[in-house]
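Reader: I am new to this structure, and I would like to learn how to read a few of its features. Could you take me through them one by one?

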Amino acid sequence: MTKILLVGDSHLGAVKRAHDANPERYPSFSFAYLGKGGLAKTRFFDVDEAKGSVRIISQGWRKLDFCRSDQDLPNLVVLSLPVNTSRILREMSWKTHVPWRLRQHDNEVALSDGFVDRLIDTDSGYAIEYAAALTEIGLSVASLEAPRFFEDAPYLKRCRLDVIRYIDTLYRQRVLDRLSDLGIGVITQAPQTISEIGSTKMEFDNERPGDMHHANLNYGQIALQQIQDFASQHLGMRTSALK
Amino acid sequence: MSHPYTSLDQRAFWAPAVGQRNMLDIDELWTAPFDINQNKKIVTFGSCFAQHFSRALTDRGFTWFDAEPAPIGATSEAAKDFNYGVFSARTGNIYTASLLLQWTRWALGEEDAPEIYWENGDRVLDPFRPAIEPTGFATVEEMLASRQQSIRAFRRAIMECNIFVFTLGLTESWWDTEGGFEYPMCPGTIGGTFDPEKHVFRNQDYNFINESLVSAIRKIRNARKNGPSFLLTVSPVPLTATNSGNHVLVASMESKSILRAVAGDVSRKLARTTYFPSYEIINSAPFRGTFFEPNMRSVSPHGVEHVMRTFFAGLPDQASTSSPLSDVKTHAQDTKILMERRQDDLACEEELLAAFGETRD
């Protein structure tokens with residue numbers, strides 16, 4: 001049977017819940033939650049080229065190892081990690097610092113394109129390298145885009161929407177380009193879940209009122225189907241063959 | 001019979017102050033003539049050696065004021081590569097007193113910075129800050145916007161600081177004959193193209209440096225009520241190269257001697273201006289070149305530490321450690337971001353708990 005392994009951060013939660021609601025429909029799917037996405041900014045994995053293995057080394061993350069010689073390697077690894085803008089939007093001071101083109105106010109510090117690119121590369125670099133390392137040991141890898149920000153994200157109360165949108169769009173494009181260069185496909189966020197302002201529609205906001213950046217079960221169902229469709233196309237099989 | 005020397009401290013005499021001591025026991029080289037404490041906002045500009053002051057001040061809990069900081073959350077590596085946190089604004093090195101005056105005029109709106117640029121392949125460099133970005137800028141417009149940002153930040157540093165630390169580095173300078181302005185680096189070295197008709201060398205003399213420095217200090221002070229006190233230093237780092245025609249060692253000594261003399265004169269001439277002897281600590285004979293790296297040019301971390309230890313030893317006890325209001329605001333914003341991060345972490349855990357039935361923290 002075809003095996004599809006979903007690996008990554010907490011944005012897998014909505015997909016996992018959707019899967020659990022209807023496991024019979026997606027028998028090929030299994031999940032490996034690594035840990036909080038925040039650790040993706042650090043060197044969280046190790047590569048042994050001689051053995052052809054890639055293993056997670058970060059404290060607090062699940063110890064997930066892949067080795068070229070493993071008999072039961074998945075046919076497709078779907079990685080929810082590299083295309084996730086929540087860290088950069090949440091942890092940077094986009095109120096005090098803005099890309100130079102967007103500067104409007106005296107109290108805003110203008111940042112060069114080169115520096116903004118560097119911030120993005122620093123944030124996404126290890127996750128992209130992890131995806132690349134998995135492909136180098138022979139795995140088929142796709143990246144699952146994390147949902148865009150929600151309108152009630154706390155940083156939107158202090159930062160300008162156009163700045164947040166700019167960073168969000170630039171980040172996604174830059175990371176998508178790098179993944180594309182590495183031959184890694186991306187399962188992008190479903191258009192029907194994106195609002196006119198570029199956020200994730202509030203109808204897909206997490207069920208818990210205090211959670212302002214994860215999506216809900218409905219979103220997870222859409223993403224799950226997208227993964228299924230991607231796998232069908234990518235693995236050259238009909239959907240039924242995946243079951 | 002009494003004479004002036006009979007009443008002098010031991011520190012005025014070579015034998016007890018220097019000759020009979022281990023070099024590391026030579027003390028009382030400097031005493032702060034005005035109040036320097038953790039409540040004072042201190043800005044640092046100048047030659048390369050000035051950046052050691054910012055680090056040491058920050059490490060010891062002083063309020064080093066960064067008017068153009070990297071955004072919260074940027075890694076220290078990224079910030080360093082883009083020259084954030086090196087000086088109090090991203091001016092790059094201000095090697096000469098006349099460059100300080102030039103930046104001051106721009107910041108105070110007396111002159112506009114010339115809209116010149118250097119092309120380096122498909123990238124654009126700022127002739128006034130040629131190494132400020134690791135690979136330059138994408139467009140002239142972006143470079144000019146970045147320079148204006150640094151000029152605004154330099155102005156903010158001037159307008160808000162209590163103490164302005166300036167490290168004099170060079171007498172040798174390069175000027176544009178058409179525009180009448182000064183470059184921090186000779187065109188054609190890091191970027192640009194050298195044009196012998198347009199780019200002229202000027203080895204600044206004592207009077208020119210003195211006038212430039214006094215003018216810059218007065219302008220900075222007069223820009224607002226209660227302008228800052230000044231702490232002048234001379235970089236102990238010898239020249240990398242000289243265009244003076246002299247041997248580089250001779251040129252270095254001449255250059256530093258002139259700068260040292262100007263700093264001494266200006267600190268005596270102007271109120272609330274002092275000279276701190278970092279140059280002497282590294283370069284004078286009793287220290288036997290100990291604080292240089294093997295290339296006899298770079299100052300070792302031990303040397304920097306010794307200089308800064310001497311600096312802090314010259315300060316009276318710091319009574320208060322509270323932060324100025326603007327820094328409290330910055331801290332508040334840091335805290336807000338951290339709180340939100342924690343809130344999201346919590347949300348992550350809850351999300352996982354719901355989906356996977358466990359957390360891994």
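**Reading a strand and its partners**

Author: Let us begin with a pair of facing residues: B:Trp175 stands opposite B:Glu182, a residue in strand 7 of chain B. Please keep in mind throughout that this is a predicted model.

Reader: How many bridges join strand 6 of chain B to strand 7 of chain B?

Author: There are 3 bridges between strand 6 and strand 7 (residues 181-183) of chain B, and the two strands run antiparallel. These strands of chain B form a hairpin with 4 residues between them, and in the turn B:Gly180 has a positive phi of about 70°.

Reader: Which residue is the bridge partner of B:Ser173 in strand 8 of chain B?

Author: The partner of B:Ser173 there is B:Arg202. Strand 8 (residues 199-203) of chain B is joined to strand 6 of chain B by 5 bridges, and this pair, too, runs antiparallel.

Reader: Why is B:Asn37 called buried?

Author: A residue counts as buried when its relative accessible area is under 20%. B:Asn37 has a relative accessible area of 13%, so B:Asn37 is buried. This residue lies in the loop between helix 1 (14-19) and strand 1 (41-46) of chain B, and its side chain is joined to that of B:Asp35 by a polar contact of 2.9 Å.

Terms used: Residues numbered from 1 in each chain as written. Chains lettered and ligands numbered in written order. Predicted model: local features only at pLDDT ≥ 70, side-chain atom pairs only at ≥ 80, totals over all residues. Heavy atoms only, no water. Buried < 20%, exposed > 50% of the residue type's maximum accessible area, 1.4 Å probe, protein only. Polar contact = N/O pair within 3.5 Å; in protein donor to acceptor, adjacent residues only side chain to side chain. Pairing = 2+ DSSP bridges.
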